[in-house]
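Dear colleague,

Please find the structure below. My notes on the ligand and on the chain follow.

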Amino acid sequence: MAGAAYDDRDGVIWMDGEMVNWRDAKVHILTHAMHYASSVFEGERAYNGNIFKSREHSERLIASADALDMPLPYSIDQIEAAKDEALRASGLQDAYVRAVVWRGSGEDMGVASAKNPVRMAVAVWGWGAYYGEAKMQGAKLDIAEYKRPSPETIPVHAKAAGLYMICTISKHKAEAKGCSDALFMDYRGYVAEATGANIFFVKDGEVHTPLPDCFLNGITRQTVVQMLKDKGITVHERHILPEEMTDFEQCWLTGTAAEVTPVGQIGDYTFEVGDITREIAEDYEKLVRS
Ligand SMILES: Cc1ncc(COP(=O)(O)O)c(C=O)c1O
């Protein structure tokens, strides 16, 4: 299965209320989402057959769809049931779960989309460490040229496809330089997040992480902030200037796909994979399987 194209695999995909053959889970070329990014999604992981924080992800999916004026024709319980059905059908215990909601093809092919159906699918596949080899050695990050936009520009808290355009561009540039990912500053110049993960720093035994006021307040981020507080570690959620990275000693990324991934270098700034980073990575691994 490894290396197989994502549209050419065995299995089934939950699509608009039915389980369809994996290779038949298709959309028309005049799908509104393909032309205008009318699409929102979730990335979730199942551990030992249970989706971690499943309900929080379903709530965020509904909130993202609302932000794009795409009324979802499913209740939260129906979304939960769909994800569960897709996971069971995959036969996998540890898996990545992708739920996606989009405007399909219908009577509208201009920018407006109210006459097009809101559709939904859930696909499940096996996915190991997001950053591969870099996972425990310390990932190397490039600094992205694009900035995370202002909340006045776009619905920044939606997990919406349109917000990933600059992520893909920045990640391609990063990979071409031998980096695993890119770190974005925001529209004001503060440190924001990576292309698919939030960021944390350590200095003098305390943790600093950017205030999520113009990017996704990740479910993993919120989990890790709570874990740190429960351990009695002070967490500063605040605006962070890029120059401050000179004095930060440790750094890691959090995300459903990334889990807790140590960072060794961002541009010219370097970090050690220290005790707090290692402990949090191990604690997170235990928590998701508890
Ligand atoms: C842009 C972006 N930021 C942050 C995150 C982390 O969010 P979560 O921890 O909810 O997966 C993700 C991953 O979903 C992401 O794509």
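In the notes, Ala, Val, Leu, Ile, Met, Phe, Trp, Tyr, Cys and Pro count as nonpolar, Asp, Glu, Lys and Arg as charged, and the others, Gly among them, as polar. On that basis the shell around the ligand holds 4 nonpolar, 7 polar and 3 charged residues.

This is a predicted model, in which local features need pLDDT of at least 70 and side-chain atom pairs pLDDT 80 or more, while totals for chains, interfaces and linings use all residues. Residues are numbered from 1 along each chain as its sequence is written, and side-chain values use heavy atoms, without hydrogens and water.

The ligand is surrounded by 14 residues (a heavy atom within 4 Å), and the closest are Lys159, Tyr164, Glu193, Thr220 and Thr256. Polar contacts here are pairs of N or O atoms within 3.5 Å. The side chain of Glu193 has a polar atom 2.6 Å from a ligand nitrogen. Ligand oxygen atoms lie 2.7 Å from a side-chain N or O atom of Lys159 and 2.6 Å from one of Thr220. Of the 390 Å² of accessible area (Shrake-Rupley, 1.4 Å probe) that the ligand has on its own, the protein covers 95%.

Along its principal axes, the C-alpha trace of the chain spans about 55 × 40 × 35 Å.

Regards

Terms used: A polar contact is a pair of N or O atoms within 3.5 Å; within protein, one must be able to donate a hydrogen and the other to accept it, and residues adjacent in sequence count only if both atoms are side-chain atoms.
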